[in-house]
Every structure is written in structure tokens, then in C-alpha cells.
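Here's a quick briefing on the model below. Have the viewer open while you read, and click through the residues as they come up.

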Amino acid sequence: MTLAVPMGYSLNIIDLLKTDRSRLTFQQRVKSLGLNSEFENKILRENALFNIQSASCQQRLLTENDEKELATKVLLYRHRFTTLIFNNRTFRQAAITVIQNSYLFRQRKIFFNSSSSSIEMERQEALQLFTMDPQKTTIPLEKTLQHAVLARIWDRIIRTVDDNLQIQSFTDLTDVVEKLNTLRNIYMLLTTNLVKKLTVRINKLYRYSIATEDACQIGSFGIARAAYRYHPSVGVRFSTYASHWVQKEIQRQALEGRLIRISSNLVEQFSRAKRNKDEEKVRLVTNLLERATEKPILGFDKFQHKENLLILTNPADLTEQKEMYDLLLDAIEKMLSEKSRNIINRRYGLGDKNEQSAIEVATIYGVTRGSIYQIEQSAIRKLKKYFAS
């Protein structure tokens with residue numbers, strides 16, 4: 001079972017661990033996990049019936065025992081991944097680089113279970129752990145990396161892999177990632193009914209932007225992201241935990257395609273306020289939505305379109321915006337280096353560039369997203385200083 005990308009859906013999620021296509025079949029990969037025989041047979045049976053429309057779907061669900069077994073396996077393989085990273089100098093350096101980029105982990109845990117009282121203390125604890133001698137230290141289970149950290153380390157490793165890397169170490173790591181992805185696919189296989197139920201209940205606001213069939217496929221990305229993270233210690237069943245991720249994924253895609261950009265958090269605040277009959281909160285969020293405007297039109301050639309001319313009916317406004325745009329391009333040309341200039345143009349869609357995310361720009365330059373953010377912020381400070389003077 002693989003992740004099918006709906007038409008028009010932009011998939012740029014580091015969370016989904018990337019690997020080459022496996023040479024083993026899904027059945028072989030499931031058997032290699034060492035699940036109990038009854039559960040294993042259930043998975044293989046449902047996989048065989050997956051594309052048969054007339055097949056009964058009654059077994060296509062996760063029992064509490066199934067959830068515990070899958071979650072335990074995910075945690076153990078995450079721990080195995082953490083240990084392999086720790087024992088290899090090249091991998092360990094990748095982990096330290098990712099953990100040092102603290103902006104990734106605001107209000108996010110780094111370890112599965114940590115005694116640290118704050119996120120910053122946990123980050124320092126993680127840096128200290130990964131600078132220890134692997135010959136004298138072992139990684140306890142509670143120091144298993146959370147998926148958000150693990151995924152970014154893996155992304156960095158596969159982007160910087162070279163011939164000097166120890167082949168066996170990388171093969172072992174790839175095997176662990178493949179097993180994690182197999183466990184993810186099992187979750188997806190046995191929660192197809194859950195995704196369909198959640199899709200039926202999506203907010204009417206999103207139904208205008210996204211078809212039901214696409215919503216089901218997009219919802220499966222939410223299941224995939226939840227599968228890597230879930231553990232019974234969170235105190236809820238997997239269906240409850242995953243429903244949040246399914247809704248967020250559908251919400252993100254539906255809002256992405258709208259003419260006026262609205263954050264998913266703002267929509268959630270509005271819905272919660274309506275449910276709680278909090279008139280003050282409803283009024284506050286409504287005012288924010290009313291002040292929402294279209295994304296700025298930056299290219300002069302784009303003003304030639306009739307639709308855009310309707311937005312700026314005043315010729316004086318049109319001329320003023322054109323002049324501001326030219327001044328901005330001139331400042332970028334004068335004040336920034338070629339690399340900084342190119343990054344700013346790509347990030348904000350200036351000149352002849354299309355707007356790109358930090359991850360997309362980082363991929364082009366072969367660096368981390370943190371490096372792109374740092375260059376971007378430095379360039380913005382220079383431009384602000386230039387215009388202030």
C-alpha cells in the first residue's frame with residue numbers, strides 16, 4: 001500500500017520518511033515485523049481484499065490490542081533509529097545540527113520521555129547526549145527521539161549522503177525507516193473506514209474547496225503522520241488521536257486553495273467560539289477575517305489582467321504600487337549578495353521567480369531550512385535598514 005497523491009495536491013511533508021522503492025513485497029515486509037500471528041493474518045487478509053469493492057470491511061479496524069502492538073513496534077524502531085544515529089559519527093553530527101536549530105522545536109518535545117522542565121533544557125540535554133562517547137554510553141528508551149526530530153535528521157542524512165558514508169550503517173538505517181513506513185501503511189490500511197467517517201463530517205467551509213474523494217485521500221496523509229507519533233501513553237485511542245491529524249490535513253489543503261489566505265488556526269478559533277457561544281471571541285475573529293486581503297500583486301505585468309485591474313480601480317494606487325515594487329527590486333539589487341537576492345526573490349515571488357517555501361529553496365541549495373531562514377532574516381534586516389535611512 002502506498003500514499004496516492006490527489007490531483008493538484010502539493011505534498012511537501014518531511015514527516016513522511018522517504019526511501020527508495022522496497023524490493024520486498026508488502027506481505028514480506030509485514031512478516032518481517034514479528035507481529036503476533038493472528039494480527040499478521042488479519043493485515044494480510046485485509047490487504048488482499050483492499051481493492052475488492054464487494055469485500056466486507058468489518059475487520060478493517062484497529063482493536064485496542066492492535067494499537068498497543070503497533071505503537072510498541074513504532075517506538076522500538078524509533079529507538080533503534082536513535083541508537084544507530086548515536087553510534088555513527090556522521091549521523092550523530094546530522095542529529096546535532098538539527099537539534100541546534102531550535103526554531104524547529106518551539107513547544108515541541110525532543111525525547112519520548114524527558115525529565116527536563118522546559119523545552120530549552122531538553123534541547124541542551126539532547127545536545128549533551130549526542131556529544132557523549134558511544135563506547136561508554138547507551139541510549140535508554142525514554143531518550144528515543146520524537147518523530148519530528150527523527151524525520152528531519154533522516155531528511156538531512158539522505159540529502160548529504162556521499163561515498164565516504166559507511167555503507168552498512170546506512171543500510172541498517174534504511175531498513176529501520178522501511179519498517180517504520182510498513183507500520184505506517186498498516187495503520188492506513190486498517191483505518192480506511194475511520195477516514196471515510198471523518199471526511200463525511202468535514203466543515204461545509206472546506207467542501208467548497210475540496211471534493212469528498214480527494215478529502216479521503218488527503219485524510220490518509222493525516223493518518224500517516226499520526227501513525228509515526230502515536231503511543232497509548234497519550235491517554236487516548238488511536239482513532240481519537242488520528243482524527244486531529246486527519247482534520248488538520250484536510251483543513252490545510254482546503255484553505256491553501258482559497259483566493260484569500262486564512263490560517264487553519266483562525267478557522268478553529270472561530271468554530272470553537274461558535275460552539276461555546278462566546279460572542280466576544282466570535283466578534284474578534286470575524287473582524288480579523290474582514291480585514292483579510294489578497295496576497296499582494298507584485299509583478300507589473302500582472303496588472304495587465306482585467307481581473308487584477310478591478311482590484312486597483314484607482315490609477316494613482318496602481319502607479320504608487322508599481323513605484324514601490326520597483327524601489328524594492330532596486331534595493332534588493334543594491335544591498336544583497338547574489339545568493340541572498342535569489343533566496344528573497346524565490347521566497348516572496350519577486351522578479352521572474354515563483355513564490356517558494358523555505359523547504360523548496362533549501363532543497364535547491366542543498367542546505368537546511370534553518371540556513372535559508374537565517375539568510376532571509378539577515379537580508380530583511382539589511383533592507384529595513386536601507387529604507388529607514
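Buried means under 20% relative accessible area, exposed means over 50%, and partly exposed is anything in between, using a 1.4 Å probe and protein chains only. This is a predicted model, so local features need pLDDT of at least 70 and side-chain atom pairs count only at pLDDT 80 or more, while totals for chains, interfaces and linings use all residues. Residues are numbered from 1 along each chain as its sequence is written, and side-chain values use heavy atoms, with hydrogens and water left out.

**Overall picture**

- Out of 389 residues, 44% count as buried.
- Take the contacts (heavy atoms within 4.5 Å) with a separation of 6 or more: 67% of them are between residues 24 or more positions apart.

**Nonpolar cores**

- A nonpolar core here is a set of buried Ala, Val, Leu, Ile, Met, Phe, Trp, Tyr and Cys residues joined through side-chain atoms within 4.5 Å.
- The largest one has 68 residues, and those with the most contacts inside it are Ile43, Ile85, Phe130, Ile153, Ile186, Tyr187 and Ile223.
- Helix α7 (residues 167-189) supplies the largest share of this core, 9 residues.
- Leaving aside residues up to four places away in sequence, Ile186 touches Phe26, Val30, Leu33, Leu35, Phe39, Ile43 and Leu70.
- There's also a second, separate core of 8 residues, including Ile332, Leu336, Ala379 and Leu383.

**Salt bridges**

- The structure holds 13 salt bridges, each a side-chain nitrogen of Lys or Arg within 4 Å of a carboxyl oxygen of Asp or Glu.
- Asp155 pairs with Lys18, with the closest N and O atoms 3.2 Å apart. The two come from distant parts of the chain, 137 residues apart: Asp155 sits in helix α6 (residues 147-160) and Lys18 in the segment before α1 (26-31).
- Is Asp155 buried or exposed? Asp155 is buried at 9% relative accessible area, whereas Lys18 is partly exposed at 47%.
- Arg347 and Glu376 form a salt bridge at 2.8 Å, N to O. Arg347 lies in helix α16 (residues 338-348) and Glu376 in helix α18 (residues 369-388), so this pair ties together parts that are 29 residues apart in sequence.
- Arg347 counts as buried at 15% relative accessibility, and Glu376 is buried at 3%.
- Lys334 and Asp330 meet at 3.3 Å, N to O, and both lie in helix α15 (residues 315-335), 4 residues apart, or about one turn of the helix.
- Lys334 is exposed at 55% relative accessible area, while Asp330 is partly exposed at 35%.
- Asp15, Arg225, Arg229 and Glu249 are linked in a salt-bridge network.

**Packing of α17 and α18**

- Helix α17 (residues 358-365) packs on α18 at an angle of about 105°, with the axes 8 Å apart. Axes are lines fitted to C-alpha atoms, for helices over the stretch in contact, and angles run from 0 to 180 degrees between N-to-C directions.
- The two helices are therefore roughly perpendicular to each other, a label that covers 65 to 115 degrees.
- From α17 the contact uses Ala358, Ile359, Val361, Ala362 and Tyr365, and from α18 Arg369, Ile372 and Tyr373.
- Those residues divide into 7 nonpolar, no polar and 1 charged. Nonpolar means Ala, Val, Leu, Ile, Met, Phe, Trp, Tyr, Cys and Pro, charged means Asp, Glu, Lys and Arg, and the others, Gly among them, are polar.

Notes. Angles under 35 degrees count as roughly parallel, over 145 as roughly antiparallel, 65 to 115 as roughly perpendicular and the rest as oblique.
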